Amino acid sequence: MLVEPLSPPEARRLIRAILDSGSVAFSKHAEEEMAKDNVTIVDVANVLRGGVVDPGEYENGSWRYRVRTARIAVIVAFRSETELRVVTAWRFKS
């Protein structure tokens with residue numbers, strides 16, 4: 001049973017476990033924003049694997065976690081211990 005909010009280190013561990021053997025889904029909004037900013041699925045996977053996880057924020061009925069690098073941010077929500085959904089992603093403007 002997933003009990004949220006997770007601490008950033010807990011969220012990071014769960015994200016990595018899901019990337020290794022779980023399921024990652026993309027919202028329609030995430031796909032649109034990624035296309036707009038030329039962010040690929042590989043970019044998202046790299047951010048999720050190596051980025052900094054910020055504390056969770058409760059929004060629209062679920063906990064969301066921002067994972068970021070210097071160039072890209074990805075917002076995820078956990079559906080279960082084996083599934084996460086990419087809510088949105090964007091590239092920081094330089």
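Guide: One thing to start with: the side chains of R91 and D43 meet in a salt bridge, at 3.5 Å from N to O. Keep in mind that this is a predicted model.

Visitor: Where do R91 and D43 sit in the chain?
Guide: R91 is in strand β6, residues 83-91, and D43 is in helix α3. The pair links distant parts of the chain, 48 residues apart.

Visitor: Is R91 buried, exposed or partly exposed?
Guide: R91 counts as partly exposed, at 26% relative accessibility.

Visitor: What lets such side chains pair up in general?
Guide: Side chains with opposite charges can pair when their charged atoms come close.

Visitor: How many salt bridges are there by this rule?
Guide: The count comes to 6 salt bridges. One of them joins the side chains of D20 and R49, with 3.3 Å from N to O.

Visitor: Which helices do D20 and R49 lie in?
Guide: D20 lies in helix α1 and R49 in helix α3, so the pair ties together parts that are 29 residues apart in sequence. D20 counts as exposed, at 58% relative accessibility, while R49 counts as partly exposed at 36%.

Visitor: What does D54 form a salt bridge with?
Guide: Its partner is R68, and the closest N and O atoms of the two are 2.9 Å apart. D54 is in the loop between β2 (52-53) and β3, and R68 is in strand β4, 14 residues apart.

Visitor: Is D54 buried or exposed?
Guide: D54 has a relative accessible area of 16%. The cut-off for buried is under 20%, so D54 is buried. R68 is partly exposed, with 33%.

Visitor: Changing topic. How many aromatic pairs does the structure hold?
Guide: It holds 3 aromatic pairs. Among them is Y58 with W63, whose ring centres are 5.4 Å apart.

Visitor: Why is the pair of Y58 and W63 called edge-to-face?
Guide: Their planes are at 65 degrees, and planes over 60 degrees apart count as edge-to-face. Y58 is exposed, with a relative accessible area of 54%, and W63 is partly exposed, with 22%.

Visitor: And what about the rings of W90 and F92?
Guide: Their centres are 6.3 Å apart and their planes are at 90 degrees, so this pair is edge-to-face. W90 is partly exposed, with a relative accessible area of 24%. F92 also counts as partly exposed, at 33% relative accessibility.

Visitor: Now the backbone. What is phi of N38?
Guide: Phi of N38 is near 55 degrees, which is a positive value in a residue other than glycine. N38 is found in the loop between α2 (28-36) and α3 (41-50). N38 is exposed, with a relative accessible area of 57%.

Visitor: And what is phi of N60?
Guide: That angle is near 50 degrees, a positive value in a residue other than glycine. N60 lies in the loop between β3 (57-59) and β4 (62-68), and N60 is exposed, with a relative accessible area of 67%.

Visitor: Last one. Is the peptide bond from E4 to P5 cis or trans?
Guide: The bond from E4 to P5 is cis, with omega near 5 degrees. P5 is in the segment before α1 (8-21).

Key
Residues are numbered from 1 along each chain as its sequence is written. This is a predicted model: local features need pLDDT of at least 70, side-chain atom pairs count only at pLDDT 80 or more; totals for chains, interfaces and linings use all residues. Side-chain values use heavy atoms; hydrogens and water are left out. Helices (H or I, at least four residues) and strands (E, at least two) are DSSP runs, numbered from the N terminus. Buried means under 20% relative accessible area, exposed over 50%, partly exposed in between (1.4 Å probe, protein chains only). Rings of Phe, Tyr and Trp (its six-membered ring) pair if their centres lie within 6.5 Å; planes under 30 degrees apart count as stacked, over 60 as edge-to-face and the rest as tilted. A salt bridge is a side-chain nitrogen of Lys or Arg within 4 Å of a carboxyl oxygen of Asp or Glu.
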